[in-house]
Amino acid sequence: MFEDINVDSLRALHHAGELTIIDVRSPSEFKDATIPGSINIPFFNDEERAEVGTLYKQVSPEAAKEKGLEIISAKLPAFIHEFSGVPGAKAVFCWRGGMRSKTSATVLDLMGIKVKRLTGGYRSYRNWVASTLDASDWKHEAFVLNGYTGSGKTRILQNLKNAGYPVLDLEGMANHRGSIFGQIGLDPYNQKTFDALFVEEMELIHDAPYVLFEGESKRIGKVLLPTALLEKKEQATQLILHMPIEVRVQQILEDYQPWEQKQACIEAFKRIKKRIHTPVASQIEADLNTEQYASAVRLLLEYYYDPLYDHLVDQVPSKNKVSLTANSIEEGTSLVTDYLTTKNIARHRLQA
């Protein structure tokens, strides 16, 4: 007989590398939101789920169960084979810990594949995320990395995170680069996915006395940042990174590769075109159409993003600003770590 497991135990085992979490909901449910780190082995595909759901609502629960049994019976060998290819301990979940996960766990147990079932399903995990967000005490001292667009702030934070420092990669959690062009080449996450990733990251750095993150507005793509984080940002030490515009242009070209997303870049530019002086806007549009991307990026920086940033940074109290001047991502990373060392807090870095 399979064993039920609660959210806390499931997370602890998963983070220890002792448990694979398997979402047996349909592919569209999995794509919409899931438990971070889980894999998808669907009990029903999207069409099958819709068919069973329609029978449940329009005919009867018994008719839906009969149809469900008919569908799963035909695909059972493939379903079991896929599970057998997942090594180690496993746990399954569906939406509420109901029929799909219970049937999956029962059938797998009969075939000698031991799995646990998450009590309450994904809904219980979502409730845990919401309650954890509400209960956050935010005792960490905050250091916010700021700087002109293209300064490589995200890459610097990724370098620091890889070195074991307590970093919150907010753009990574949103799967969006945080600008009008920020979703190009990406599939931005929704609020549920962002919240789950954010809470999981906060839990990992819970014992760190400080945290580093990028200076973002209240919205990144489709998601809103937690109010408590935005309040913490206002009180934080702002590390203002300065880099030559030539370096920034090259960094943007490397990150966005506009030659691979020409039409998407043109469409994104149209959303801000009216905010830029007409002759300059016309030149940017012409550069995008003729694939003169370095010129287009430089003009966008000089006439749109840099003035916008100047306005925002002017609102930061002088006592909270620390200027750092670098000529590369590597130098910028070193300057941030050197600053933390002078503050005598680098010794608190997390284990990589």
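User: What makes domain 1 and domain 2 count as touching, and how many residues are in contact?

Analyst: Contact means heavy atoms within 4.5 Å. By that rule, 11 residues of domain 1 are in contact with 10 residues of domain 2. This is a predicted model, where local features need pLDDT of at least 70, side-chain atom pairs count only at pLDDT 80 or more, and totals for chains, interfaces and linings use all residues. Residues are numbered from 1 along each chain as its sequence is written, and side-chain values use heavy atoms, with hydrogens and water left out.

User: Where do domain 1 and domain 2 run in the chain?

Analyst: Domain 1 covers 3–130 and domain 2 covers 136–343. Such bounds come from an automatic or database domain assignment. The two centres, taken over C-alpha atoms, are 37 Å apart.

User: What is the area buried between domain 1 and domain 2?

Analyst: About 950 Å², with 52% from carbon and sulfur atoms. Buried area is the accessible area (1.4 Å probe) that two parts lose on being put together, summed over both. On the domain 1 side, D32, R126 and V129 supply 40% of the area buried against domain 2, more than any other three residues.

User: Why is the pair E200 and R11 called a salt bridge?

Analyst: The rule asks for a side-chain nitrogen of Lys or Arg within 4 Å of a carboxyl oxygen of Asp or Glu. The side chains of E200 and R11 meet at 2.9 Å, N to O, so the pair passes. Across the interface of domain 1 and domain 2, the rule finds 4 salt bridges.

User: Which elements give two or more residues to the side of domain 1 that touches domain 2?

Analyst: They are α1 (7–15), α2 (27–32) and α6 (121–135). Helices are DSSP runs (H or I, at least four residues), numbered from the N terminus. α6 gives the most, with 5 residues.

User: What makes the phi of N175 worth a look?

Analyst: Most residues other than glycine have a negative phi. N175 is not a glycine, yet its phi is positive, about 50°. N175 sits in the loop between α8 (170–174) and α9 (191–204).

User: Where does Q257 lie?

Analyst: Q257 is in the loop between α11 (245–256) and α12 (262–270). Its phi is also positive, near 45°, and Q257 is a residue other than glycine.
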